[in-house]
Amino acid sequence: MSALYLRVTDLGVRYGETVALQEASLEINQGERLALIGESGSGKSTMAMAVAGLLPRGASVIGTLDFPVLGHSLRLGRDVGVLFQDPDGSLDPVMSVGDQIAEVAMMHQGIGWIAARVHAAELLGHVQIARPLTRLNSYPHEFSGGQKQRIALAIALAGNPSLLIADEPSSALDTVVQRHVVNLLDELVRERGMTLMFITHDIALASERADKIGVLYQGRLVEFGPAAEVLGSPRHAYTRALINTHISLDTPHSKRLPEIDKAGLV
Amino acid sequence: MPPLVSLFLKRLLGALPVLAIVLVGSFLLLEAASGDAVDAYVARSGALDAEQMTQLRQEWGLDKGPVYRFKAYASALATGDLGWSTAFERPVASVILERLPITLLLMVLATALAFLFGSLLGVIAGARPGSVRDRFLSIASLAVYAVPGFWLGLVLIVIFAVDLRWLPIGGIESIASGKAGLARLADIAAHLVLPVTSLATVYLALYLRLMRDRMSEIWHEPFVQALRARGLGRSRIVWRHIARNAVLPVVTMLGLQAAAMLGGSVVVESVFAIPGFGRLAAEAVARRDTPLLLGIILCSAVTVIFANLLVDLAYGRLDPRVRTGR
Amino acid sequence: MKFWRNLNWEGRVGAALLAVLILMALLASVLAPGDPLAISGDPLLRPFTVAAHPLGTDRLGRDVLAGLMHGTRTTLLVAFFSAAAALVVGSIVGTLAGFLGGVGDAILMRITEAFQTVPGFLLALAAISITGPSVPTLIFAISLGNWTQAARVTRAEVLSLRERDFVAAARTLGMHPLEIAFREILPNAYGPTGSLAAISVAAAILIEAALSFLGFGDPNRVTWGSMIAEGRTVLRSAPYLSIVPGIALVVTVLAVHLIGRGLFPSGRLQP
């Protein structure tokens, strides 16, 4: 039984009059993987950004975030690494990737420049970028989308954080590349004993990779619990509908696509 | 061959048609100017009768029609012969060569000053768009941008040379001072302070604005949020990332302003009585020395092209996306 | 007025200043009758000392305020018309280049580049040296260096608009390409040209002032540039003679810039 890493109590986020998230509560243990599922506008990204502390300035937040293991609030880069959806928007175009990784390492691990560069090369190797030493001096535009996402992952890991938040990390990538990145993510997180919170709209992905699942709908956390429970015996109608609409390679052609009747939901 | 070198050569080649057009334009100007070399000769050395003038024209090949004259003009240019200055009674090329270095020095110093301080202040303003600091600098730069360079020069003279007597009124160095070595250098430097400042100030305001505006835009780009997520300090994000990205259009502007600055040097050199290339242009017009004016126009074009090439190279070093031919 | 309410503070200040200046220009003959170049008082009177000459007099005893007011005319006239000419010519060239594409575009663009490579001020000097200085020739000379920006901006707009639907529709209707260019495309390209207009006018004001300062302006007219040049001869003893007209220049250019930013707030400095 591992220690409780994060406890969210009645988290709510508002932008002026608009409520993006309300009364969300959940718990994650250290080393667990939480998947937050929902459609766009459901509040899943808002929740993740609230946990990270990356909400824009206009947001007003209520509720509490406890990090019992850390004993203090989350420090960006040092305690938490964030992986964003768009790999093109994650990297500074005029700085070499090696420098970008090393910068974070130097900042949070207190090591010198040379040690940081060495560490950066190691990380590039871990995220499976070929010829890491040479590629330290390459620039973001010289890499493909999948590679950029992996580099962003390396940057997120450079500060040795205990939590990784991944906001739809593979949505912007091709299907084959998606798999690759997701597998890598999973592997690295497990190796380092990190806690993972990943946001996705893909329920299949969640079912494969998550220990706990949270379902968000219209700014509320309508379902939360261990993955098997949520998928096997969902309590909320929306969750059931989500599971039903999932199409996999073995869904028969003839099966009609069920629609989610939102009028019937709370 | 390395990408920057091939970029350089490509730009050089692209500049040739432009130079050709300037050449043709200059030639047309020469034709349009009333009076040809014989008239100028007559004006200088006394009257000739009509028959003598016709004879002289035949000798000098001036009666053979515009195409011939153009060919003669172009071939002379190829050998570095820019014609004869009627006002100075020397080859145009030698007059220009004598005066060009000072103006180049003026321009380089002014550009450096404007770029360094403009960018710095621009970063300070753009670090917090909308802040008091930003508003103040933005309004100030707007006001400064409206100031004519020659008038600023006069104001500076009144304040620093006349009232405070800290700096000399004009010229490039103290006449017959007998100074040599470092003392001479210091003397020239003192003489350059006011003219360089007058020339640089309006561009400083421009680069400030440009840097600030670009930074203000960049703050909204997605990678800035990613930078924050890495836990990097604000100051590091501002200087090492945002400013570094925002400086790119400013550098591009440096090249585009080269022509304007060369034009600005005409008045500034006149105000400060500096014997430079810019003031030479004014003298050429005043003394109706068309060959000299043409030589000046051609040399200006070459200078501007060269300046732009240098800026392109610098830009290539700053923006890695350009280097690998993307 | 709805116009006034829609303007931000920059536009308002600029418009107010410009209104004052235009009034000055129009009423110059009324408020300061007679020839501004005529001697009207004792020489070298300092400003704010004599009621009849609120801004003082110059070396020869000519009233500074009268010169300032009459100079407004020349400044605004030359600047406005040369900027207009530059914009019109530039827009036409830019539209043609964008529309023609291929070789025609390349040739026009090389010519534009040539005019951009030679400093605008030198082009103006060269033009003046041939034609001699007068208001019409000044307008022409100044516009020589100013038209290239408009050409580039318009061409860029045309290139982006060319492939849009309404152009294809016009072509289907059988409109002649030139007609399409000038009746359909050009009006849509006016947006970014707007803020360019303000910048062109401001630049023209400064070039005209520099030209008259150097003695290449219209010799029969009072201009702020010539007043500054005049004042230079007595810079030590009467600096106000050069300083005051310069302030007028700064205010005018500032007003134009402010109006530009007020009317076209989305326009930005383009490298």
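These legends accompany close-up views of a predicted model.

**View 1. The contact between chain B and chain A.** Chain A gives 23 residues to this contact, and chain B gives 23 residues. Together the two chains bury about 2,000 Å². Carbon and sulfur atoms account for 58% of that area. On the chain B side, the residues that lose the most area to chain A are Ala229(B), Arg230(B) and Pro320(B). Those three together make up 31% of what the chain B side buries. The size of an interface is often given in this way, as the accessible area lost when the parts come together.

**View 2. Polar links across the contact of chain B and chain A.** One salt bridge is found across this interface. Glu103(A) and Arg236(B) form a salt bridge through their side chains, at 2.4 Å from N to O. Eight residue pairs are in polar contact between chain B and chain A, with both residues at pLDDT 80 or more. Three elements of chain B each give two or more residues to the side that touches chain A: helix H9 (222-229), helix H10 (234-256) and helix H14 (320-323). By residue class, that side of chain B holds nine charged, eight nonpolar and six polar residues.

View 3. Strand E1 (residues 4-15) and strand E2 (residues 18-29) of chain A pair antiparallel, over eight bridges. Leu6(A) has Ile28(A) as its bridge partner in E2(A). Two residues lie between the strands in the hairpin of E1(A) and E2(A). In that hairpin, Gly16(A) has a positive phi near 65 degrees. E1(A) also runs antiparallel to strand E4 (residues 59-66) of chain A, joined by seven bridges. In E4(A), Asp66(A) is the bridge partner of Arg7(A).

**View 4. Two loop residues with positive phi.** Most residues other than glycine have a negative phi. Glu168(A) is not a glycine, yet its phi is positive, about 45 degrees. Glu168(A) sits in the loop between strand E6 (163-167) and helix H6 (175-192) of chain A. Glu168(A) is buried, because its relative accessibility is 9% and the cut-off is under 20%. Arg288(B) is not a glycine either, and its phi is positive at about 50 degrees. Arg288(B) sits in the loop between helix H12 (277-286) and helix H13 (290-318) of chain B. Arg288(B) counts as exposed, at 56% relative accessibility.

**View 5. A salt-bridge network in chain A.** Over all chains, the whole structure holds 28 salt bridges. One network links Arg33(A), Arg179(A), Asp186(A), Arg190(A), Glu208(A), Arg209(A) and Asp211(A). Within it, the side chains of Arg209(A) and Glu208(A) form a salt bridge at 3.8 Å, N to O. Arg209(A) is buried, with 15% relative accessibility. Glu208(A) is partly exposed, at 43%.

View 6. The side chains of Glu217(B) and Arg214(B) form a salt bridge, 2.7 Å from N to O. Both residues lie in helix H8 (residues 181-218) of chain B. Glu217(B) and Arg214(B) are three residues apart, about one turn of the helix. Glu217(B) is partly exposed, at 32% relative accessibility.

**View 7. A salt bridge between two helices of chain C.** Asp105(C) and Arg155(C) meet through their side chains in a salt bridge of 2.9 Å, N to O. Asp105(C) belongs to helix H4 (residues 102-117) of chain C and Arg155(C) to helix H6 (residues 135-161) of chain C, so the pair ties together parts 50 residues apart in sequence. Asp105(C) is buried, with a relative accessible area of 11%.

**View 8. The surroundings of Thr74(C).** Thr74(C) lies in helix H3 (residues 64-100) of chain C. Thr74(C) is buried, at 2% relative accessibility. Leaving aside neighbours within four places in sequence, Thr74(C) is in contact with Ala79(C), Glu208(C), Arg221(C), Val222(C) and Thr223(C).

How values were computed: Residues numbered from 1 in each chain as written. Chains lettered and ligands numbered in written order. Predicted model: local features only at pLDDT ≥ 70, side-chain atom pairs only at ≥ 80, totals over all residues. Heavy atoms only, no water. Contact = heavy atoms within 4.5 Å. Buried area = accessible area lost by both parts, 1.4 Å probe. Salt bridge = Lys/Arg side-chain N within 4 Å of Asp/Glu carboxyl O. Polar contact = N/O pair within 3.5 Å; in protein donor to acceptor, adjacent residues only side chain to side chain. Helix = DSSP H or I, 4+ residues; strand = E, 2+ residues; numbered from the N terminus. Nonpolar A, V, L, I, M, F, W, Y, C, P; charged D, E, K, R; others polar. Buried < 20%, exposed > 50% of the residue type's maximum accessible area, 1.4 Å probe, protein only. Pairing = 2+ DSSP bridges.
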